[in-house]
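Student: I have a chain open here and want to go through it with you. Can we start with the charges and then move on?

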Amino acid sequence: MAERRYCKVTFGPEAATVDVRPGTTLLEAARRAHAPVRTRCGGVAGCLMCKVAVPPEQAAALSAPTPAERLKLGPLLEAGMRLSCQARILSDVHVEVPEDPLKAAVRKQLERQQSDELW
Ligand code: FES
């Protein structure tokens, strides 16, 4: 059987998609797909900003968590979160990018204002 040369990676909810070689990190794939995965540490498991949600049925498509990832994520790892800078792609995979906390706060405020009778 021929070795797979590319894996299809999809980042929800925008469905940004890219084909990458196996072994590529999710963070690198996100950059290529222009998916909004944030980072501050440059990919050394230091900032925890690159978290993505991996559905249980997709977990086998990624490498096992690194010791640094286990240490940093703790119980979030069991809840399906992964650090995109540490998780390497093994096969086709779909992950969800959480909403940026600042954008979420602004969206909630706007929703509150729209439902407020004073406005
Ligand atoms: S990029 Fe900082 S923890 Fe992954």
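Student: How far apart are the mean positions of the positive and negative charges?
Tutor: They are 8 Å apart, counting 17 positive and 14 negative charges in the chain. Keep in mind that this is a predicted model.

Student: Take one of the lysines, Lys 8. Which strand is Lys 8 found in?
Tutor: Lys 8 lies in strand β1, which covers residues 7-12.

Student: Is Lys 8 buried, partly exposed or exposed?
Tutor: Lys 8 counts as partly exposed because its relative accessibility is 41%, and that class sits between the 20% and 50% cut-offs.

Student: What is Lys 8 in contact with, leaving aside neighbours within four places in sequence?
Tutor: Lys 8 contacts Thr 17, Val 18 and Asp 19, and also Asp 92 and Val 93.

Student: And which side chain does Lys 8 join in a polar contact?
Tutor: That of Asp 19, at 3.4 Å.

Student: How much of the chain is buried?
Tutor: Of its 119 residues, 35% count as buried. The accessible surface is about 7600 Å², and carbon and sulfur atoms account for 56% of that.

Student: And what box do the C-alpha atoms fill?
Tutor: Roughly 65 × 30 × 25 Å along the principal axes.

Definitions and conventions:
Residues are numbered from 1 along each chain as its sequence is written. This is a predicted model: local features need pLDDT of at least 70, side-chain atom pairs count only at pLDDT 80 or more; totals for chains, interfaces and linings use all residues. Side-chain values use heavy atoms; hydrogens and water are left out. Buried means under 20% relative accessible area, exposed over 50%, partly exposed in between (1.4 Å probe, protein chains only). Accessible areas come from the Shrake-Rupley method with a 1.4 Å probe; for residues, only the protein chains shown count as cover. Lys and Arg count as positive and Asp and Glu as negative; His and the chain ends are not counted. The place of a charge is taken as NZ of Lys, CZ of Arg, CG of Asp or CD of Glu. Helices (H or I, at least four residues) and strands (E, at least two) are DSSP runs, numbered from the N terminus. Contact means heavy atoms within 4.5 Å. A polar contact is a pair of N or O atoms within 3.5 Å; within protein, one must be able to donate a hydrogen and the other to accept it, and residues adjacent in sequence count only if both atoms are side-chain atoms.
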